[in-house]
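Take a moment to look over the sequence and the structure together, and then follow the paragraphs below from one part to the next.

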Amino acid sequence: MADLDSSSEDSSMDSKSEESTEDSRLEFSEDEETLVIRMFNLVGERWSLIAGRIPGRTAEEIEKYWTSRYSATL
């Protein structure tokens, strides 16, 4: 019984660490943010094109960052 409790704690801890990793990935540097803004003004919501200009970033990360940061202000 103790093993079952332990494994459920481990899985909840794993999901928490994944969430914090995902949140930290949405922290963009000032240069990245400027580039995303400039590229968005040029190509619109073509996230894969924008991601191609920012090493280590995926289209999904950029879209999520954009919608969480700018969609309410536009």
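This is a predicted model: local features need pLDDT of at least 70, side-chain atom pairs count only at pLDDT 80 or more; totals for chains, interfaces and linings use all residues.

Is Glu32 buried or exposed? Glu32 itself is found in helix α2.

The answer is that Glu32 is buried, because its relative accessible area is 17%, and a residue counts as buried when that value is under 20%. In the protein as a whole, buried residues make up 24% of the 74 residues. Leaving aside neighbours within four places in sequence, Glu32 is in contact with Glu27, Ile54 and Arg57, and with the side chain of Arg57 the side chain of Glu32 makes a polar contact at 3.0 Å.

From here we can turn to the nonpolar residues. In soluble globular proteins, nonpolar side chains tend to be buried together. The largest nonpolar core in this model has 14 residues, of which Val36, Trp47, Ile50, Ile62 and Trp66 touch the most other members. Helices α2 (30-43), α3 (47-51) and α4 (59-69) each supply at least two residues of this core, and α4 gives the most, with four residues. If residues up to four places away in sequence are not counted, Val36 touches Phe28, Ile50, Ile54, Ile62 and Trp66.

Finally, consider the whole chain: among contacts between residues at least 6 apart in sequence, 47% join residues at least 24 apart, while the protein exposes about 5700 Å², with carbon and sulfur atoms supplying 50% of that area.

Methods
Residues are numbered from 1 along each chain as its sequence is written. Side-chain values use heavy atoms; hydrogens and water are left out. A nonpolar core is a set of buried Ala, Val, Leu, Ile, Met, Phe, Trp, Tyr and Cys residues joined through side-chain atoms within 4.5 Å. Buried means under 20% relative accessible area, exposed over 50%, partly exposed in between (1.4 Å probe, protein chains only). Contact means heavy atoms within 4.5 Å. Accessible areas come from the Shrake-Rupley method with a 1.4 Å probe; for residues, only the protein chains shown count as cover. A polar contact is a pair of N or O atoms within 3.5 Å; within protein, one must be able to donate a hydrogen and the other to accept it, and residues adjacent in sequence count only if both atoms are side-chain atoms.
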